[in-house]
Amino acid sequence: MPATGDPYRAGIWRRHARWMYRGGRANALARLLNGLSARQYAAGLAPGHWVTLEVPGRRTGRVVSVPLVVADHDGGRYLVAMLGERANWVANVRAAGGRAVLRHGRREPVRLVEVAVADRPPILRRHLALAPGARPHVPVDRHAPPADFARVAAGFPVFRILPDPGAGRTG
């Protein structure tokens, strides 16, 4: 991957980010920083597109909180798995049938619907524009042509965020 003028894709930033998520899993430092970020985003102490996803763990059932960036595209809102298919939150969302909660100062019950691979490239590009921390993990420059994003789209799950009108109901 060629170096670019983007400090998040080159040099020390890239090596550091790759080290924190070696093998597609967060190391202890990344888990600590993610925990701090999740609390900060949930409290609304960050830009509006930084949110905390809360979803039940597929094995324990305990709520797992993950800091993420919401990508807006063509009137929709989307979550992108910067670590690809190996991201735990992706497996948890799938196991929960797409039901989750987004937090950014308030609690928003949502239904996450997986986006078809063919529809992912422009959303991936928008995500990289908004999430500098994701750039070292995606093997495409954020300024690359759409065809480059199409080549990697299958490896990066994308979920459309929809309201969950059934949330909170019992029975």
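The side chains of Glu114 and Arg94 come together in a salt bridge, with N to O at 2.6 Å. Glu114 belongs to strand E5 and Arg94 to helix H3, so this pair ties together parts that are 20 residues apart in sequence. The model in which this pair is seen is a predicted one. In general terms, side chains of opposite charge can pair when their charged atoms come close.

How accessible are the two partners? Glu114 has a relative accessibility of 33% and counts as partly exposed. Arg94, at 37% relative accessibility, also counts as partly exposed, because values between 20% and 50% are placed in that class.

Asp164 forms a salt bridge with Arg99, and the closest N and O atoms are 2.6 Å apart. Asp164 is found in the segment after E6, while Arg99 is in strand E4 (residues 99-103), so the pair ties together parts that are 65 residues apart in sequence. Asp164 is buried, with a relative accessible area of 10%, whereas Arg99 is partly exposed, with a relative accessible area of 34%. Salt bridges can also share partners: in this way Glu85, Arg94, Glu114 and Arg120 are joined into one network.

The side chains of Glu108 and Arg77 meet at 2.5 Å, N to O. Glu108 lies in strand E5 (residues 107-114) and Arg77 in strand E3 (residues 76-80), so the pair ties together parts that are 31 residues apart in sequence. Glu108 counts as buried at 18% relative accessibility, because the limit for a buried residue is under 20%. Arg77, by contrast, is partly exposed, with a relative accessible area of 32%. How many salt bridges does the structure hold? The count is 8, including the pairs of Glu114 with Arg94, Asp164 with Arg99 and Glu108 with Arg77.

Aromatic rings provide another kind of contact to examine. A pair of aromatic rings is described by the distance of the centres and the angle of the planes. With ring centres required to lie within 6.5 Å, the count comes to 1 aromatic pair. The rings of Trp89 and Phe159 have centres 5.7 Å apart and planes at 55 degrees, so the pair is tilted. This pair links distant parts of the chain: Trp89 is in helix H3 (residues 88-95) and Phe159 in strand E6 (residues 158-163), 70 residues apart. Are the two residues buried or exposed? Trp89 counts as buried at 7% relative accessibility, and Phe159 counts as buried at 2%.

These local features can now be placed within the whole chain. The protein has 5 helices and 6 strands. Read from the N terminus on, its elements follow the order α-α-β-β-β-α-β-β-α-α-β. Of the 171 residues in the protein, 41% are buried. Among contacts with a separation of 6 or more, 63% are between residues 24 or more positions apart.

Definitions and conventions
Residues numbered from 1 in each chain as written. Predicted model: local features only at pLDDT ≥ 70, side-chain atom pairs only at ≥ 80, totals over all residues. Heavy atoms only, no water. Phe/Tyr/Trp six-rings, centres within 6.5 Å; stacked < 30°, edge-to-face > 60°. Helix = DSSP H or I, 4+ residues; strand = E, 2+ residues; numbered from the N terminus. Buried < 20%, exposed > 50% of the residue type's maximum accessible area, 1.4 Å probe, protein only. Salt bridge = Lys/Arg side-chain N within 4 Å of Asp/Glu carboxyl O. Contact = heavy atoms within 4.5 Å.
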